[in-house]
Structure formats: C-alpha cells, structure tokens
Protein chains: 2
Amino acid sequence: MKTQEGVIYQAKPISGKLVGEAKALIEKQDVRGLEELVAKMRPADAADLIENLAPEERAFVFDLLEPEGAGDVLMEIEPPVQERLLSGLDNRAISEIVEELDSDDAADLLGDLPDERARQIIEAVPDEVSEELEKLLPYPEDTAGGIMALEFVSISVNATVQDAIETIREKREEVENLFYLWITDDDEKLAGVVSMRDLVLAPARRRIGEIMNPDVISTNVAADQEDVVQLVKKYDLVAIPVVDSQNRLVGRITHDDIMDVMEEEADEDISLMAGVIRQEIAEESTFRISRARLPWLIAGLFGGILAAVVIKQFESSLERVLAISFFFPVIMAMGGNTGTQAATVVVRGLATGDIGLTNVGKRLLMELRVALLNGLICGPILGIISGVWLSDFHLGCVVGAALVLIVLASGVIGSAVPLMLERMNVDPALATGPFVTTSNDILSLLIYLGMVTGFLSLFS
Amino acid sequence: MKTQEGVIYQAKPISGKLVGEAKALIEKQDVRGLEELVAKMRPADAADLIENLAPEERAFVFDLLEPEGAGDVLMEIEPPVQERLLSGLDNRAISEIVEELDSDDAADLLGDLPDERARQIIEAVPDEVSEELEKLLPYPEDTAGGIMALEFVSISVNATVQDAIETIREKREEVENLFYLWITDDDEKLAGVVSMRDLVLAPARRRIGEIMNPDVISTNVAADQEDVVQLVKKYDLVAIPVVDSQNRLVGRITHDDIMDVMEEEADEDISLMAGVIRQEIAEESTFRISRARLPWLIAGLFGGILAAVVIKQFESSLERVLAISFFFPVIMAMGGNTGTQAATVVVRGLATGDIGLTNVGKRLLMELRVALLNGLICGPILGIISGVWLSDFHLGCVVGAALVLIVLASGVIGSAVPLMLERMNVDPALATGPFVTTSNDILSLLIYLGMVTGFLSLFS
C-alpha cells in the first residue's frame, strides 16, 4: 500500500500477498520476522491483517504487539473479532492495554467485557485510570457522555497565550489530535473557544479572553448521540465540547467519533430496514447471524400464513375465475414496493434531520400526490394487460382500479407510519419491518380480492 | 435554540415560533425587522429558516443577506430549494456569491447551473476566481478532484517555523479551518505534514523539515470519493492533501466534505436499495419524486406480470388443489426477505469497506450455512401448518421442503449478486433492485409450484 515515496494513496483492502506472508511466518513460528512485519504497519493496517487471519493465528500476531501499540490496533479491529481476541487474553494483558488507551476507548472496551471481568480490570489498573473509567462508565452508550473522552485542554479566560501554550505542552502526550482550546470563566463554565490556528497567530502575552470566540457550540453530556452528530455536521465542527447541566466542561467528542456514530447509525437503519437485527458485518458465527435474521423471517412466515387465511375467504371467487390468483405476485409487489419507497425516504430523512416533525402535513400531502400519480400510471397498464389476457375488459378495469387504490394506500401508509413512530419515540426504521410489510401485503390482497369479488357478484 | 449563555445545546429542527415570526415580518414587508432577525443567525440556521418558508417567501429573505453571508447560507440549503432560489437570481447576484465562496463550493454551485448560465458567470467573475473554477470544473463530481478545495497552506521543507506562521497569517482570510500545514520538498512534491498543535509548540527558528511528520497520507486527484472517505476514516484524519500523479499538492479535502460524502453515499445506497433513484429528500416537485420512483414500480409491474405467466403454466395443479394459491404470499415473502437480508449485509459491508473481494468464498459459505439453518427452521413450521390445514401430511412435507430450498437459494443469490456486481464495477446496491427481487420472486414460485406439481402428478 505504500509507494516508494512513503505516501499512501488508497485505503485498499489489505493485500492477499501480505496476509500470505504473515501466514507463512506464523507457520514457521518466526517471531522475529513477524515483529518486523508488524512494526512497520500503522495500527489500522495491523488490524486489517489480524482480521484477515484465521482465528487461531490472530492471537499469535496480537501477542507480539507492545502494550502501547496493542490497544490502538485492538480498537481498529471489528467488534466480533475483537471480542474473540479479548476472551483469549488474561486480565493482566487487558489491564496493560486499558492503561494505554484514551479514556473513551478504555470505557468502550470495558463496557464490552463481561461484568465480572470488567470489575477485575478496574481493580487492577492504577487509580488515575480507574477513576476516569468510573467517570465514564455510568453514561449510556448512545449519549454524548457515552462517546466522549476526558482528554481535552481547557484554560481560564484570564490566562495568556503563553500560558495556553505551556498547558498544551504539558498535555502533549495525553491529548492527541488537538484542534481547539476551550476557555472557561471564573465559575469554571465554558466561555469560549480558540482554534490552534488562532493560537499560532496570537502574540504570546495576549490575554486568551481577548482572542477567543465566545460563540462556542457545545453539547450536553446527556444528549442523544444522533443529536450530537447533527450538531457537528450542521456547524462543520472538528470537535465538540461536552458540558454538564451547569455548563461546566466535562469532555470532548472528536470528528472520528462522530464519523463512527454516523456509520453505526446508518448501519443500524439499513439493517433494520432489511429486517436484520444488529448483525455485525464482520460476525463469523453462523448461529449469531441466523439469530439476527430469524425474527423477521418467522414474523414474515406467520404474516404470510395470515395472508393465506385472507385469500381463503375469497375461495369462491377464485373457483369462478382461477386467473385471479395469477395476479397475486404483482399486486403484492406493487403494494410492497410503493410502501418501501415512501417509508425509506421518510426514515432516512428523519435520521439525517432533513425531515422534521414540524411539517408532517406537508410531507404526507406530497406523498399522497406522488402515490396518486404513480397509481394512475401503473393502474391502467395492469388494467389493459389483465383485460386483454382474461378477455374481460370490465374485469381488467376493476384490476386496474384496485391497483390505483393499492398504490395510493401503500404510499400513504409507508410515509405515515415512520412519522408516527418518530412521534412516539420508537425507531422509525421499524416502519419497513415485518409488521408494516405484512400489513401492506394483506391490505393489498384485501383491496384486490374485495374489488374483484364485488365485481363478480354484481355482474353474474 | 440559544440559551442565555449563548451556548447551543442541540441541533433541533428550527422552531415553529421563529418561522412564524419571520413569516409575519415578511407579510408586513418589514425589511428592517427581518434583517435584524437574520443577522443574529449562523448560516446553517438561516438556511433552515429559508427552507421552512413558502417558496415565494424564500427569495424575499435571501435577498436581504449580504453577498459574503449569502453564499454560506446558500451552501447549507438543501439542493432542490437551492436550485429554485438560484433560478430566481440574476447573473450579477450569482457572480457576487461565487466570488465569496470557497473554491469547492463555487465549483459545486456552478456545476449545478445550466451550462449556458455557468459560462456567463465564469466570464463575469474576476480572473483569479475564474481561473480557480476552471481548475476544478474538469474533475468528475465523485472523485477527490471533484470534492477538493484549492484553499490550503503549504510551505517548503526548508522554511522555518516563523516563515510558516507568516504564511498562515497571510492566508488567514482565505483558508478557514486550518488544521495541518503541508510540507513540500525542492521538487514541489508533498513531503510531510505539521499539525497546528505542533506548530504552536515549536520554536520560531526551527526548520520545518525537522518537526514535520514525513509519513503523510494523501489521495490522488483521480481517486474515487468513496476511497477517500475510507482513507480518512481508517486513519482518523481531519483533512487530507490531494496530489497529482507527480505527487504535487493540488488541493485539500476537509472533514466536513468527508461527512457530506458519507451521508450522500449512505443516502444513495439506501435509496437504491428501496428502488428510489436519486430522489432528494427535500425535493418538493411531485413530478420529480414520481419520476425517481416510477422506474422500479414499472419494472416490478412487468416482473409481476411475468410471475403471472409462470403461475399460468401450473394452472392444472391449481385447478386440482386451489389451496396451493393461498401460499403464494408466504412463499414470495420468505424468498424476498431472505434475499434482501443477505444482499443488504453484503451491500453495506462493501460500501463501508468491511467486506472486501479477497474473501468472497468464505462469505458465500457463511451465507450458505445461515440460509440452510434458517430454511431448516422455517420450512418445517410452514410444512406442519400447511399439512394440517390441507389435511394432507405429504403435501405439507412438500411445501415445507420447497420453503427450505427457497430460503437456501434466495440467501445464496442475495449474497452472490452484490459481490458479482462489485467485481464487475457496477453499484452493488442494485442487487436489491427490480431485477433481482423479481427474479427471486419468480424463482421462489417456480421451486414451489414445480415441487408441488411433481408431487401431485406422482401421487395421483
């Protein structure tokens, strides 16, 4: 991945050649060779290598890493693989890693361990580390407190630029990737922000209060992580200070954490919409993957059986015109597709903040218009085809009219349900889940079979 | 949204009260009052306000903004609304806005205008602006060149820290949000990076070459924007330098651009998977929304008619046992759900880089195992229920066995198709599109009707 100039151009998946090389060294038990190979790699690249090894080879490579480096590599490894690696390490090894990690990573790692083990680790690490952990662990995972780190730099509004530089120098090792210096007033409350760039340009004796920007955007420690993401994205921030209810600085969240949350939230929405419940993409256990997918399949199975019961009610119509059953797939696909389209746009809009709850009426009206238009286009097509096929122009009209109604109903339900769920504080991504899709299927069948049966009983 | 301390806690959708206030001022044509209201707002907040006004009110507010501020507000407005606003502005107004924008935003804005208008604007703006635009416009939108800005700060490896600070001071107005100083060697090639933090801590007379980190990660100007995102995420960068084929620095991409691309790509994948082709969430035109959704509906319509033709081939089985048709919905739902689940995990994994093409065999084998397991769980359930219902234990067995096969086939197809598309350089998100879902529906019906028909003809 490196060119001769030492410049990386592309984040390609790790090369098969490198994985092969590592595998050969492992087979030869060539510790020296492996150490050399891994020493040259950045943490993210070493993590890629380890993920691509067989489970029994991973620990061999991981154990060669120094405690300082091992933590950074571990944090880059996908959760299911990370979990397996951790379960193979003893408490001493984990404690050493935890000591070297940033506070937020250490808390995440501990949060993933079984309770008993986490307690043992907390007892084993030095006091300053366990104090930090006990500050962070109480916050729910999906809040600002749950993703923030305690490593930040702040200084009093009365300090000078020179004081600030000295403080940054002292915290040089502890706080990596420093972009902003946060300023506190005499009551320890967040009062402003100075960017590193402005600090570079400021005269050493200037008072910080004079160069700071008092218009600082912060987030409360209890805020939902999705709200934090929207705040950071809206105002293009690189890091955001986290404050308590008294507006005192308690932590910081950096851009990389925000990107992780963005990806995690998109993953979750996409999975839920496809009926997959919390499956890690890197999951390797057949049973766990199966368990993540079965609930929707089973729900869909019983929904389908309910649809069968519905169809049975119209048995006499089917006996008279068997061809009615030929159109079940198209009727269900059209209802399903229309509903999914509308629901997906609304779910995504709610997730990114592009759709709010202020304009629900306007959104529903628009979806209604779109569904009506699309129904009026698709209905006649199916009407003409089925009319010609069945050599029954009137029945064709009824089939076409049923489709118009089905598209209309599905479009409105597809957009209304996620909005309703959001208002009820339920994850709107469930709107494309088993309940709604099955209801849509059954409703579509009911409209279709009801209209056709009505027509048959009227004209015979 | 502001508390008394001037601190914003949450990126909430704009308040209805504020929108109402603005509407009242517009109705009274109170220019002074509106100017005061808008002057206090950040660009992103003013953009929110404008989006929430009626189309005819928006221009009234937008025209009140100063040219410097107007551009920043415009860039925060959702594309469909932005487009409408721009079409109402004359060339002079647009030129003034373009002059004030960062180069990447200016190029984006021009790229969205009709060609003829874009040319007129390029002729109207000062030479230094049009030169920048002509540098950026040739790059395709979805490459590093298409998202980079020309505003960056670089300095020679031989300069001193003091020289660097002077350069930053000179470019203070031009380059906002500066996090890294990039270092070039005697051949103008990218040779290293210095963070603003390290610059703060370095003695003024130190040579830049001594404090720089030579291990700088860059991206080529022609790289796909998705690869750039993966690179930035993998190595937790705040900004990435863009180089040409000679490794000369040509631009920079910052974290906010990366977040925009992440969101854009996730939007695109989610939309495509739901059969919505490039619909902006904020789109307000019924016809455009309809046009974004119709292709899949029409494709699904004809796919469904094809399914009807398939069913017709098995007419005689249906005539013998009408109840066979009752299970069409459950058969199709199970095939569809299994396929969607498998496809979604693979599509998302490919998009985030968690799944590569190195381990295709392993992934397929795992999906095969999962599908087999889930099939073996769902098949017997349906078998028993249908057996009892139809009072035909043997037919129930056949229905159950058909479902096992359907789940197996759908799971394998659902995971194999996106991998195949990725290898062919086609967007894998299409794997959940009309072609695959319709094929899955038809395949499921064929397996089901084929097995049932075989059974009926054997045992009668």
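The structure is a predicted model, in which local features need pLDDT of at least 70, side-chain atom pairs count only at pLDDT 80 or more, and totals for chains, interfaces and linings use all residues. Residues are numbered from 1 along each chain as its sequence is written, chains are lettered from A and ligands numbered from 1 in the order in which they are written, and side-chain values use heavy atoms, with hydrogens and water left out.

Helix α3 spans residues 43–51 of chain A, and eight of its nine residues are buried, so the helix is largely enclosed by the rest of the structure.

Chain A as a whole has 22 helices and six strands, where helices (H or I, at least four residues) and strands (E, at least two) are DSSP runs numbered from the N terminus. Its radius of gyration is 30 Å, well over the 23 Å given by the globule rule for 460 residues, so chain A is more spread out than a compact globule. Here the radius is taken over C-alpha atoms, and the rule is 2.2 Å times the number of residues to the power 0.38. Along the principal axes, the C-alpha atoms of chain A fill a box of roughly 95 × 65 × 50 Å. Of the 460 residues, 55% count as buried. Contact is defined as heavy atoms within 4.5 Å; among contacts in chain A between residues at least 6 apart in sequence, 66% join residues at least 24 apart. The accessible surface of chain A comes to about 19,600 Å², with 53% of it belonging to carbon and sulfur atoms; areas come from the Shrake-Rupley method with a 1.4 Å probe, and for residues only the protein chains shown count as cover.

Chain B is superposed on chain A by a rotation of 180 degrees with 0.1 Å of shift along its axis (RMSD 0.1 Å). That is the relation of a two-fold axis. The same surface serves both copies, as 100% of the contact residues of chain B recur in chain A. The superposition is by least squares on the C-alpha atoms of residues with pLDDT of at least 70 in both copies.

A:E367, in helix α20 (residues 360–389) of chain A, is buried, with a relative accessible area of 2%. Leaving aside neighbours within four places in sequence, A:E367 is in contact with A:A342, A:S415 and B:R293.

B:A402 lies in helix α21 (residues 393–423) of chain B and counts as buried at 0% relative accessibility. With neighbours within four places in sequence left aside, B:A402 is in contact with B:I447, B:Y448 and B:M451. B:A402 and B:L446 are 44 residues apart in sequence, and their C-alpha atoms are 9.8 Å apart.

A:T160 is located in the loop between β1 (154–156) and α12 (161–170) of chain A. This residue is partly exposed, at a relative accessible area of 22%. Not counting residues up to four places away in sequence, A:T160 touches A:A204, A:R205, A:R206, A:R207 and A:I208. A:T160 and A:L64 are 96 residues apart in sequence and 45 Å apart in space, C-alpha to C-alpha.

Terms used:
Buried < 20%, exposed > 50% of the residue type's maximum accessible area, 1.4 Å probe, protein only.
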